[in-house]
Amino acid sequence: MGTVVKGYAAHSSDTPLVPFTFNRRDLREDDVEIDILYCGICHTDIHHVRSDWGKEEYPMVPEHEIIGRVTKVGGKVTRFKLGQTVGVGCLVDSCRECFSCNHHQEQYCDNFVPTYASKDRHDGSPTYGGYSEKIIVSQNFVLHIPENLDLASSAPLLCAGITVFSPLRRWNVTSGKKVAVIGLGGLGHMGIKIAKAMGAEVTLFSRSKGKEDDAYALGADNVVISTSESQMRSVRGTFDLIIDTIPYNHDVNPYINALAPDGALVLVGYFGALEPRVETVPLIARGKSLTGSLIGGLAETQEMLDFCGANNVVADIELIDIQEINGAFERLLKSDVKYRFVIDMQSLK
Ligand code: NAP
Ligand code: ZN
Ligand code: ZN
């Protein structure tokens with residue numbers, strides 16, 4: 001049974017994504033069926049498609065920055081109505097009973113179910129993500145989108161937005177705090193915008209000369225070119241919080257040096273072992289922290305969306321058709337996008 005839908009899938013780690021037809025499950029009583037309008041392209045999609053983080057199962061329909069409209073609801077759905085604009089982020093389910101689930105941190109549940117490249121908890125079927133016409137998700141994992149926000153530019157809030165919002169909240173960023181973001185990409189540009197909206201003084205660390213004007217336009221107060229030793233020296237001991245979005249291994253020691261005493265370097269980009277080794281003296285002698293963060297829970301994601309609605313914060317996007325997906329992956333790898341690709345899913349019809 002179920003519904004046949006069109007989508008785009010990867011069939012291996014080294015072949016292009018191609019059109020793919022598959023089945024979405026019949027609605028369960030607490031499910032919402034969503035017609036997908038817009039869908040972002042996160043760097044994580046490339047990591048998964050290319051098996052960067054270990055062997056994956058194919059076919060894979062990626063994506064977890066989804067904006068759509070409710071087209072059907074199950075018998076016990078109370079939170080959503082037909083026609084409402086909604087969002088789906090990186091999670092579509094979790095065990096709903098462990099410590100993390102009971103503390104609104106579903107992202108740290110041992111049995112959470114990612115939106116794609118995972119298995120449904122009930123029937124073991126593969127989860128397929130946003131590069132598709134429709135998605136069916138339990139109402140507990142569906143989000144309300146503030147009415148004043150542009151729909152296409154809101155899609156990246158569902159992953160990039162919450163991934164930077166969560167550490168900014170956890171470290172109580174308010175006006176006067178000195179915050180830095182490393183890397184001006186999808187996550188980084190949202191980090192600048194949201195930290196600025198919280199009142200922080202914001203610095204961008206970038207390896208790329210030429211992004212300075214964009215960074216200031218996005219709200220940064222300062223830009224530090226990370227390949228310049230003198231510029232790095234000039235910000236030693238400065239920041240209360242640094243969010244590191246670099247997707248690949250890199251030396252974190254210079255960024256730890258840039259923290260003020262008690263400051264925290266939060267890794268969100270690179271999953272793996274760090275080289276060169278991390279020097280512990282600044283951690284011990286200045287009380288600095290090196291830590292990480294994974295997206296955010298559902299309640300915090302709704303809080304982030306409401307915050308963005310109240311402050312008119314959305315992503316800077318380049319809208320593309322789904323047929324352009326493989327070229328977009330290549331351009332994203334070269335940081336050639338300002339600053340998030342979003343797919344107009346009408347192009348799939
Ligand atoms: P992105 O748009 O490609 O941005 C990454 C930025 O990092 C680039 O724009 C570039 O900025 C810098 N960069 C890229 N390659 C680099 C390299 N080899 N060395 C140094 N800097 C480099 O990617 P994104 O979508 O923002 O995602 C960033 C990372 O976060 C990915 O690994 C993704 O999987 C991960 N992620 C994690 C979470 C989480 O919950 N923790 C959520 C979403 C994504 P400059 O040119 O300005 O230096
Ligand atoms: Zn993502
Ligand atoms: Zn759980």
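A residue counts as near a molecule if one of its heavy atoms lies within 4 Å of it. The model shown in these views is predicted.

**View 1. The residues around ligand 1.** The shell around ligand 1 holds 28 residues, of which His43, Thr44, Ser206, Ser208 and Arg340 come nearest. By class, twelve of the shell residues are nonpolar, 13 are polar and three are charged.

**View 2. Polar contacts of ligand 1.** Threonine 44 places a polar side-chain atom 2.7 Å from an oxygen atom of ligand 1. Two elements, α1 (43-49) and α5 (186-197), each give two or more residues to the shell. The largest share, three residues, comes from α1.

**View 3. The zinc ion (ligand 3) and its four cysteines.** The protein donors are the SG atoms of Cys95, Cys98, Cys101 and Cys109, which lie 2.3 to 2.4 Å from the zinc ion. Along the sequence these donor residues follow the spacing C-x2-C-x2-C-x7-C. The arrangement is tetrahedral because the four donor atoms subtend angles of 105 to 116 degrees around the ion. For four tetrahedral donors, the ideal angle at a metal is 109.5 degrees.

**View 4. The zinc ion (ligand 2).** This ion is coordinated by Cys42 through SG, His64 through NE2 and Cys159 through SG, at 2.0 to 2.2 Å. The spacing of the donor residues in sequence is C-x21-H-x94-C. Cysteine 42 and histidine 64 link distant parts of the chain and are 22 residues apart. Cysteine 42 sits in the loop between β3 (31-40) and α1, and histidine 64 in the loop between α1 and β4 (66-73).

**View 5. Two cis peptide bonds.** Tyrosine 58 and proline 59 are joined by a cis peptide bond, with omega about 0 degrees. Proline 59 belongs to the loop between α1 and β4. Another cis peptide bond joins glutamate 275 to proline 276, and here omega is about -10 degrees. The loop between β14 (259-267) and α9 (281-285) contains proline 276. In general, most peptide bonds are trans.

**View 6. The backbone at histidine 104.** Histidine 104 has a phi near 60 degrees, a positive value in a residue other than glycine. Most residues other than glycine have a negative phi. Histidine 104 is located in the loop between α2 (99-102) and β7 (113-114).

Technical notes:
Residues numbered from 1 in each chain as written. Chains lettered and ligands numbered in written order. Predicted model: local features only at pLDDT ≥ 70, side-chain atom pairs only at ≥ 80, totals over all residues. Heavy atoms only, no water. Polar contact = N/O pair within 3.5 Å; in protein donor to acceptor, adjacent residues only side chain to side chain. Helix = DSSP H or I, 4+ residues; strand = E, 2+ residues; numbered from the N terminus. Nonpolar A, V, L, I, M, F, W, Y, C, P; charged D, E, K, R; others polar. Donors = N, O, S within 2.8 Å, 3.2 Å for Na, K, Ca; no water. Tetrahedral: all angles 85-135°; square planar, octahedral: opposite > 155°, others 65-115°.
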